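Dear colleague,

Please find below the structure that I am handing over to you, followed by an account of what was found in it.

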Amino acid sequence: MKILVTVKEVAEVDDEFEIDGLDIAEGSLEYDLNEWDDYAIEEAVTISEARDDVEVVTVTVGPERAEETIRMALAKGADRAVRVWDDAIEDAQFLDVDAKAELLGAVAAEEEPDLVLSGVQAGDDSNGATGVALAETIGFEWAAVVNQLDLDADAGVASVHRELEGGIEELTDVDLPAVLTIQTGINEPRYASLRGIRQAQRKPLEVRSLEDLGLDPSVVESPLERTSMYEPTSESDATVWQGSADETAESLASLLREKGVIEG
Amino acid sequence: MTVLAVAEHRRGDLRDVSLELVTAGRELADELDTDLAVAVVGGDVDAFAGRLDREGVDTIYTVSEGEEFNHGVYTQAVEQLHADLDPTALLVPNSVNGLDYAPAVADDLGLSLVTDVVAFEGGDPIEVIREQYGGKVETTYDVEADQYVLTIRPAEWPAAEASGDATTEAFEADIDEAALGTTVNGFEEVAGGDVDITEADVLVSVGRGIEDEENIPLIEELADALGATLSSSRPIVDNGWLPQNRQVGQSGKVVTPDVYIAIGISGAVQHVAGMKGSDTIVAINTDPNAPIYDIADYGIVDDLFEVVPELIEQFGGEAPDL
């Protein structure tokens with residue numbers, strides 16, 4: 001069987017940052033593997049290790065810079081990678097959920113996976129919608145926010161727990177093929193071994209353009225237009241104690257005594 | 001025209017976000033100068049319709065299909081209702097279940113989708129506001145589409161309270177059972193374990209700033225010295241450093257202690273949802289812009305590894321060697 005894992009390189013913002021026009025200034029950004037995707041990769045690799053007929057393929061929409069992140073996924077045990085990029089994508093203001101689903105869907109249509117694992121959301125855009133939109137695009141079944149997965153590939157069913165709000169989990173059987181969006185905490189993502197990192201350099205990483213995928217450049221167009229980005233005005237009216245650690249600790253201690261948290 | 005909002009319920013209870021959706025829906029309907037319709041799918045629809053009959057709602061559509069949420073049923077029912085009402089805006093909660101069907105409906109019907117909306121303004125085009133980069137910035141988007149789907153962040157709009165005089169109509173959806181590819185078999189509650197953090201008067205709560213499992217004893221010692229209960233934000237539980245029953249937040253427990261001390265917690269919206277009802281909130285965090293300070297009453301902008309040992313000493317304890 002084949003598992004396709006969607007992997008995103010996300011931008012993380014420094015504590016002190018600047019906004020340049022409609023986005024964060026490049027100098028304030030660091031790039032990393034999306035946290036949720038790390039768990040999705042681990043889940044796929046764990047399944048592939050338990051069986052001898054599983055191929056794990058990653059798909060990423062991202063510029064050449066993202067290859068460092070993709071190699072990390074390969075080092076953790078994915079077998080090969082597809083990276084989608086194009087001038088039309090580069091020129092787009094941003095990619096909306098529909099565009100992402102179309103791009104990933106075109107790769108899924110070629111790869112014909114049995115299972116697609118994606119992260120619940122990306123840490124930068126926080127749409128939380130691409131996995132389910134992808135499922136609809138390619139005609140797969142789906143489940144959002146999965147924090148436990150038992151795969152019965154022969155029966156064609158994934159038995160999952162969906163993490164609902166308030167400490168409640170929904171137990172659901174999902175027909176394959178399916179897209180599952182993976183929640184953090186489902187497993188313990190491994191660190192890439194030195195051997196894995198070396199091997200990753202030799203694993204196939206294929207770059208595909210819109211034309212390669214048979215997509216029209218209009219696929220990245222969106223009815224949404226970003227019109228501004230700004231720092232939210234702080235609503236803080238907190239009393240912030242100033243001074244050295246022993247001084248601030250003393251202020252807090254006095255407060256806690258006042259509140260009766262502790263006697264004397 | 002029309003704004004259509006879809007309510008959410010679980011295990012017999014209408015979820016609070018449903019009444020918040022009524023408020024948001026009425027606000028948008030006013031912007032668009034149109035009606036507000038509310039739909040409820042599955043469960044005891046008549047009882048839910050009674051609770052949804054709030055000021056500002058024009059029509060309530062009940063879809064009597066199934067007991068609990070099933071995304072296949074919801075997708076089909078909402079799409080059929082959408083075809084019938086032809087609404088400008090479809091509003092869905094930005095919840096785990098909302099995000100399990102709204103993207104499918106939007107994709108299938110070719111509607112533009114914006115998730116996790118915290119505010120909107122104007123009608124033509126509507127401008128929506130959402131947060132990005134972990135809440136560090138807000139972004140605005142013009143939605144240049146005749147019809148669209150917005151998922152509404154919980155607890156951003158107040159719940160609609162005043163009773164209304166809506167018309168309730170049963171909507172007969174034609175559900176293709178054979179097309180349902182998922183079966184919901186039941187629910188499971190996260191184990192209670194050794195301690196109930198919702199009962200505590202004082203919580204000492206630890207987050208990502210603690211950096212390493214080996215540093216957890218520092219916070220345990222503080223909790224001991226204060227006679228307080230230890231809790232945490234999500235990453236600590238995800239890493240397996242503390243059990244799940246200690247987790248405060250949207251997917252964990254909602255707590256309302258007298259005093260909540262957040263240590264090394266940035267205050268992501270999912271965490272804040274679980275502790276904002278605390279009487280007094282104290283934050284210890286190195287980042288003065290961390291959102292936790294928006295709701296904190298007191299703060300210490302300093303390194304927790306400097307402050308916490310001093311605090312332990314203040315209460316006659318001894319900071320562990322890390």
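**Enclosed and open space**

The largest cavity has a volume of about 140 Å³. Please note that the model is a predicted one. In the whole structure, a search for cavities of 30 Å³ or more returns two.

The largest cavity has 14 lining residues, and those nearest its centre are F94(A), N127(A), L224(A), R130(B) and Y141(B). At least two lining residues each come from β14 (224-230) of chain A and from β7 (112-121) and β8 (126-132) of chain B. Of these strands, β7(B) gives the largest share of the lining, with three residues. By class, the lining of the largest cavity consists of seven nonpolar, three polar and four charged residues.

The second largest cavity holds about 40 Å³ of space. Chain A contributes W142(A), A143(A), R162(A), E170(A) and T172(A) to its lining, while chain B contributes F69(B), N70(B), H71(B), D100(B), T182(B) and V184(B). Two or more of the lining residues come from each of β9 (141-152) and β11 (168-175) of chain A and β12 (182-189) of chain B. The lining of the second largest cavity divides into four nonpolar, four polar and three charged residues.

Turning to open space, the second largest pocket has a volume of about 1000 Å³. It is lined by 45 residues, with K8(A), E9(A), V61(A), D124(A) and D125(A) closest to its centre. Several elements of chain A supply at least two residues each to this lining, among them the strands β2 (9-13), β5 (29-33) and β6 (55-61) and the helices α4 (97-111) and α5 (130-138). The lining of the second largest pocket comprises 21 nonpolar, 13 polar and 11 charged residues.

**Chain A as a whole**

Chain A has 264 residues, of which 55% are buried. Its secondary structure amounts to seven helices and 15 strands. Taken along the principal axes, the C-alpha atoms of chain A fill a box of roughly 70 × 45 × 40 Å. Among contacts in chain A with a separation of 6 or more, 70% are between residues 24 or more positions apart.

**Helix α5 of chain B**

Two packed helices are described by the angle between their axes and the distance between the axes. In chain B, helix α5 (residues 216-226) packs against helix α9 (residues 304-314) at an angle of about 30 degrees, and the axes are 9 Å apart. The crossing of α5(B) and α9(B) is left-handed.

Which residues meet where these helices pack? From α5(B) they are L218(B), I219(B), E221(B) and L222(B), and from α9(B) they are L304(B), F305(B), V308(B), P309(B), L311(B) and I312(B). Nine residues of this contact are nonpolar, none is polar and one is charged.

The buried residues of α5(B) are I216(B), L218(B), I219(B), L222(B), A223(B), A225(B) and L226(B). An α-helix has 3.6 residues a turn, so residues three or four places apart point the same way. The cover over the buried residues of α5(B) includes α7 (245-258) of chain A, as well as β13 (202-206), β14 (229-232), α6 (234-238), β15 (259-263) and α9 of chain B. Just after α5(B), G227(B) adopts a positive phi of about 65 degrees.

With kind regards

Definitions and conventions: Residues numbered from 1 in each chain as written. Chains lettered and ligands numbered in written order. Predicted model: local features only at pLDDT ≥ 70, side-chain atom pairs only at ≥ 80, totals over all residues. Heavy atoms only, no water. Axes fitted to C-alpha atoms, helices over the stretch in contact; angles between N-to-C directions. Helix = DSSP H or I, 4+ residues; strand = E, 2+ residues; numbered from the N terminus. Left-handed = near helix turned anticlockwise from the far one by under 90°. Contact = heavy atoms within 4.5 Å. Nonpolar A, V, L, I, M, F, W, Y, C, P; charged D, E, K, R; others polar. 1 Å grid on protein atoms, 1.4 Å probe; cavity = no way out; pocket = protein on both sides within 12 Å on 5 of 7 lines; lining within 4 Å. Points joined across faces, edges and corners; volume = space filled by probe spheres on them. Buried < 20%, exposed > 50% of the residue type's maximum accessible area, 1.4 Å probe, protein only.
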